[in-house]
Amino acid sequence: MSTATVPPEPREMVPDDPRRRLTLVQGRHSFADITRMVCAPVEEPATRGWWVGFGIASMCLGLFVAMVVYLVLVGIGIWGLNSPQGWGFDITNFVWWVGIGHAGTLISAILYLFRQKWRTAINRFAEAMTIFAVICALMFPTIHVGRIWMLWMALPIPNWEAIWPQFRSPLLWDVFAVGTYFTVSVIFWYMGLIPDLATLRDRAKSKVRWLVYGILAMGWRGSARHWANYEKAYLILAGISTPLVLSVHSIVSFDFAVSVIPGWHTTIFPPYFVAGAIFSGFAMVMTLAIVARRAFRLTDVITIDHLDNMNKIMLATGMMVGYAYSMEFFISWYSGNKYEMFTFVNRAFGPYAWAYWIMITCNVLVPQIFWFRKNRRSIPIMFVASILINVGMWFERFVIIMSLSRDFLPSSWGYYKPTWVEICTLIGSLGLFFTLFFLFLRFLPMVAMAEVKNVLPQADPHGHGEGGVPPGEPA
Amino acid sequence: MSETPKPRPAPEAPYGVMAEFATPAELLRAAGRLRARGYRNIEAYSPFPIHGLDAALGHGGSKVPWIVLGGAIIGASSGLLLQWWTSAVDYPIKVGGKPYFSIPAFVPITFELGVLFSAFAALLGMLALNQLPQPYHPVFKHSQFHRVTDDRFFLAVESEDPMFNVERAERDLGDAGGQHIEVLQA
Amino acid sequence: MIFPKWTNRTPLPVAVGGGFVLILVVTAFAYYISPYSTQVGYAPTQPVPYSHKLHAGALGMDCRYCHVAVERSPVAMVPVSQTCMNCHSVIKKDSDKLAPIRQSVDTGLPVQWVRVHHAPDFVYFNHSAHVNAGVGCESCHGRIDQMEVVRQAKPLNMAWCLDCHRSPEKYVRPPEFVTAMGYVPAGNQLELGRQLVAARNIHPPTDCWGCHR
Amino acid sequence: MEDRVTPESKTPGNGRAQWRSLEELSGSSEYREHAETEFPDYFAEALDLPPVAENAALSRRSFLGVMGASLALTGLAGCQRPLAKILPYSKLPEDLLPGVPQSYATVMQFRGMGEGILVTSNEGRPTKIEGNPDHPSSLGATHSYAQASILQLYDPDRSQFPTEGNASRTWEEWNAWLTPKLTTLRADGGRGLAFLSLPTASPTLRAKRAEVMAAFPNARWVDYEPLNRDNAIEGSRLAYGRPFRQQLALDQAEVIVSLDSDFLFVEPNSVRHARDYGRRRRVASTQDSMNRLYVVETVFSITGSMADHRLRLAPTQVAEVARALAATLTGQHSMYLGGETWSAGTLSDRAQVFVATLARDLAEHRGRSVVLAGGSQPPEVHALAMALNHALGNVGPVVRYTLEPYPAQQREGIAGLAKAMDTGQVNFLVVLGGNPAYDAPADIDFTARMRKVPDVACLSFYRDETAEKANWHLPETHFLETWGDAEAWDGTRSIQQPLIAPMYQGKSELEVLSMFLGRPLDSHALLQEAYGREWGVFSGSRWDRALNDGVLPGTAYAEITATPDFSSVTAAWSRRTPPASGGIEALFRPDYSVWDGRFANNSWMQELPDPMTKIVWDNAALLSSKTAESLGVKDGDLVSVSVANRDLEIAACIVPGLADGAVVLPLGYGRKRVGRVGDGVGFNTYALRTTTGMDIAPASVKAGAGHYTLVRTQDHQAIEGRPLVREGTLEEYRKDPEFAREMNEAPPPLTLYTNKEYDFSKPPQWGMAIDLNTCIGCNACTIACQSENNIPTVGKEQVKKNREMHWIRIDRYYVGDVEEAEAVHQPIPCMHCENAPCENVCPVNATNHSADGLNQMVYNRCIGTRYCNNNCPYKVRRFNFLAWRKHEPEVIKMAMNPDVTVRMRGVMEKCTYCVQRINRKRIEAKIAQRDIQDGEIRTACQQVCPTEAIIFGDLLDSESRVAKLKAEERSYTLLEELNTQPRTFFLARLRNPNSEMEKA
């Protein structure tokens, strides 16, 4: 039944012409084509590639579980932490994952508010990535405590001690901030899914799929009233998510900014962390998008233009991060505080200089290649770059936390080395992330169909040229 | 274009009459026509939101924002109350030389809870106003309706409409260019 | 395939039910760690069926006759076997029930009493401090004089301790009535209490290190 | 002064260089932790079961860990609560009140003298040792060894029963074996019988030994202790013809000269010395004066670290300084040394300036100065020192002489015994205490000699190197298990009363000797017998008084006045051959932690960092950086040291300020048979120690192959120009008393929080003063704290990961340039900040503030985020990374303080200002309806401090000592600019240099 209207090719224009409207969907696709394209990976049997990826990921997940069990039974001592350095890989991973978790809701929310239609191609799995990344992030504060079985004390539950959590602690702020962020992201994500779940329901061949998707779709029927409330709610969610995104990483940065430790105690952290989070978030979306669009033949939906745009954002945020790095040095010098000054000189030339220069290279130098359009549109280059940026951002957090190694009293300076357990835990958390992601790719539409259809030229009812004319009727 | 039997008048009043359209534009035009003919209880169905449709159908704005506002207020205030009561009333503990009720330190959690509650309000509000979850609905009986989430657009005249009458509704929908015109049993 | 009409009636019950289960689980945990889940009523059987009801109640012996350290030491001191023999070398000198006591006195090995009132090891309760401040035995141990077998009468958890530490006037007695059972204050307890608190300059610590060291 | 606190201006390399080398160290064994944590125990760990009855009675506090875990399990599984039992006494021991610790006076013998102590006992478990204020050698303080000896008592590796060969025996069997032997021995007056014992300060034991010798006139009695006073006694014989013992009144000395004498720690009576020295270092106002300390030494000792002027020289050069000093004093300051003229030897320019200035200073302080010779210096130096003191008129006001009670020449003694054993003259050797097979001079090869003796019986605390070679081994009692007595340095006598019945089958030397006399008695009977004899009739009341006070009044030695025989001194010096220049000299000295090896199995001492090198669980060959350079050796490299054709592979440790051309070898490590803690730890330097070079010997050092992991508690040595330890000279202080406070750039404190509902205005408000001017860095506080607060030890590998648990640590920074470095000590306990950064970041309120200003740490609330320690600028918090006590033997739990929770793994801990002591006094005062008096509450670290450098008290009570100190100009708080408002504060250190030295 291909009575769908076929729009003509978009007009040809000079590349990067400011007047040019971005091609949101390549090629001439009807609504039905979109549905088919997006639903295909969910409805067709899983490819070998999927099985291999899923297998590896779940093996890493197993490693993660093993490491956590080991940790609970023996104690934090199996990590390399010590007296000056109470935190190491654990919190580094936490901040890193939270950072990655930021692009998702950001792309959806902020770009939605700015009416950046091109977001539709990537927002769905960006949001999914957010949720999975935040799950990984939440793992680390949970397992990093000495007595995990007493963790409930950090929640405001009435108890026999008649004593409550300490609400001045940034760690507790984290509990609420990241918890809220996770919940809101899930809501946002699910709400976006409802119409597409309805689509899957209506296309369902097997009873089971029909039942499951049917329940999840909650009887969505796309009536005008539905859409009115839906769009309003979605807009509001986007509205509240935006400050949320900013607040969450600001609060994560408070873990450090609120302390008195030189290299931690600095007011630049909130914006700096937010920029860094967006930076790493986009990098991760990029990495995933590149793979996904190949694997699932979505190159027409996730177009090179989308990737180009993301590269521009990475370039911008990369510059912001670089600015923050330099600004830290300036401020420490300007403060005239000898401890601050020492800390930053020590960062660049002390025992952890290697980590510092990895960070600078990956986060400041690498993005510079995106000044050139050729690079912005070259898949291999941007793929490698995105991975390097993720590495760099991990090291950023590591470098910050290692300020602990040399604080006020030289007598208690130390040096922290991770143990094999910590390294395995990090790898394991990647396993957790990808396991969830593979499941997502398999069972949920990875692109927001309704939204993509909405941005197709023929979706515009007011007949600016294409789309308006029904077949058989004279224009 | 599957052949559909002419619907016989049902023992009890039907839910309404629904027709299928191929493009958003047709749907919009049809909605406009019917409304012009004086129909009031008409509802459109589409795979994605269509601009101007609400106006054409004469729907009012959504009430979701007010629900969310309520959620935000409840969330934020309960957050602040919790912190004030636990830290300053129930068991005041001296921490870091700060007052029991250290407002600056209590801002983050207050804000987060505000956001959390309003998010819930947004979702639940939307569902409530749309009366979801509602797995069954008469419109699902339409033979082509499974395409409403894919690439087809539908317009229904509901039986509550003061000037509802099966034959007239069928005719008017046909005039408006609707296909697969079917009567939906309640 | 469309959902039958009746399914429209499911969402509400499902939602309500789910919410109910959730609340149940949460409250169950909350209750477990809450001040209301206590060991009250714990009454293990002792190697010697010693009856406080008889000794403290009927015979009206003073607590301090056996628990000699209570005014001077953190521990009230479970009496040494010899204490029992002070009387029981004369009265009921060959009752079988007393066999363990006699054995202990002969061998010098302790009688293995079972601890009833059990503060965790990280809690440092000091009997002398409380008794001298005018906290009655009864206030924490209940009507010992009516107990055939000693059982825990009060929650003995931190919330319960804090209640008195925050407002001692609700409980303190004049020193002479500390060991009295079924004590009734002469007049309004609160007023009396306030006077005592003022007179004896009682201000119990609510700082952690009052009890945890 | 300014460049004192900014050493990097002088020494850019110092700290960093050391740091680098240490980085290499830490890099060497990376992923070893896998090996440490053993799989089998995991489940045991997680499912720790609640205490069983006996233990609960034994020491229920030690089970928090377990309780915590089981609580956790109940939290998870909701299982039944543990069944705990109460085990009352069957009969109540007299004047014992359960739950109330008691304190008994007794005496500990160490270094051939008695040191009076008070021992705290909980239900019969001695748990803590403190100094006896009435005792002249202690005055209420103790050294670290006394503190640690409590752990020795509960050492599970102690010898527990007699053995014959490897078979376990009973004392009856021993007697059965001994009796026939004795009859035969008695027949020929004990020919072939030889006793080898430690010198003792116990008059009763000495009498008993005499009795034994009377019974066996032909027997041979030898005393040997590896660290003996032969040189001093020999020196006194040279100068006075008689063995004298110096009684010092250091608080009377304006000028103190130490010729390699570590009188603040190593020399006998050091605790008293430190106290007297400290008195004259304490300045309350600009009017006060200070003594001046000149130190000439090889090693960088803690005495050296206190010096106002320090001259580092190879051991034999030190003697040359003495000679030059005599020459200058006689030559230029017309001092009479028997008329002879003294020729100054060859000295470096620096040394000559030093001597000239010193001589002038001495000459100006006749009768108010003292010259001290170190035990490692040869007799002639001691003799000369005595002569100088006499000539300077210091004998009397500062130095008094008493007769040495037990002047046996130990080196010759053991050598003679060895010869006798060789020639078969000994067929029954009885070793009483001591461990000659380990610590006798290497050239004697005592072990080989023992094989030539048919019967060897050995009474020893451990079944050690000697015991296992002997065919009879007898377990010895701990001094807290047996009756005895001992004389203080000045002869004042104390009764040694046991705190606990012998835990195993041990017997004391006194009891064993009574067996040799044919009438075995227990120590109590023997002692009362002895005192009955002494007093004519035994008086119970006098006895009880003696026990109660811990001292017998009027028992001090009689003072002797004599004039030295200058000629014999000069003669001795003329015999002396001037040292060969060049080459390397080895100096043997006791180790600050394990002494001569007897504390090798004491984990507290093993983990106690060396005050200067900060090395734990090891000893090392100490070299100066220049020497190391010339040898091409880096810190931690293995070097082979050879003395008299004996070689030893040992790790090198580079110490700033050490003398060039010398290698310092601390003794007491490399034990083979001592126990699970000490076996194979460190290097046995006795292997290089021969009769000809007991203290100083020519040696050769060459770089060996390989690297060794030396673990330090402090990896970074320089202070990086930060005003942490604030120093000035006495002049600077007089000019500008506020100099210390002027060193910080504290901006006016700003706050977001104006509406604070509380302030710390209600007394008491606790605070602690630490006087850096009197702190000598002796580590006593660290051990006292460890003993008082049940602090675990973690072992070398964990300390390497910076996981040591000490609640009070002593930071030692080197100041000045690497070669001529000076050192400063800074004890760091919790600062109990009023605006504590740790509290703000705790998510569960596990650490917060009490009304009396204590920074509370609640273990049972802690979930272990470690955030508090991250945010602590002073890094005083300690985290239980693993279940440190998991593998600890049951018996150790008896050493626990029942008033302090034993922390489980996963919780943070830190200094509490000894809150258990505060609470005890608070409750006492409350019950008595009175206020707490100043000085009533004394923290463990304060109580033990030999120099009274630590003062604790109520800051609001203007009369309290701590409040007065707070008001002093020298007082400052650490990192004041952070506005943490610490309650612990420091008093700036002052040095008292001789201005002329600066000029020259």
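1. A word on terms before we start: two residues are in contact when they have heavy atoms within 4.5 Å of each other. By that criterion, 25 residues of domain 2 of chain D are in contact with 24 residues of domain 3 of chain D. Please keep in mind that this is a predicted model.

2. Where do these domains sit in the sequence? The domain assignment of chain D places domain 1 at 230-403, domain 2 at 581-712 and domain 3 at 746-751 + 759-991. Domain 2 of chain D and domain 3 of chain D, the pair in point 1, have C-alpha centres 33 Å apart.

3. On secondary structure, chain D has 35 helices and 40 strands. Chain D is as compact as a globular protein of its length, because its radius of gyration, 28 Å, is close to the 30 Å that the globule rule gives for 1000 residues. Along the principal axes, a box of roughly 85 × 75 × 60 Å holds the C-alpha atoms of chain D.

4. How much of the chain is buried? In chain D, 67% of the 1000 residues count as buried. As for contacts between residues at least 6 apart in the sequence of chain D, 75% of them join residues at least 24 apart.

5. Lastly, charge: chain D carries 108 positive and 124 negative side chains. The centres of these two sets lie 2 Å apart.

How values were computed
Residues numbered from 1 in each chain as written. Chains lettered and ligands numbered in written order. Predicted model: local features only at pLDDT ≥ 70, side-chain atom pairs only at ≥ 80, totals over all residues. Heavy atoms only, no water. Helix = DSSP H or I, 4+ residues; strand = E, 2+ residues; numbered from the N terminus. Rg over C-alpha atoms; globule rule 2.2 N^0.38 Å. Buried < 20%, exposed > 50% of the residue type's maximum accessible area, 1.4 Å probe, protein only. Lys, Arg positive; Asp, Glu negative; His and termini not counted. Charge placed at Lys NZ, Arg CZ, Asp CG, Glu CD. Domains from an automatic or database assignment.
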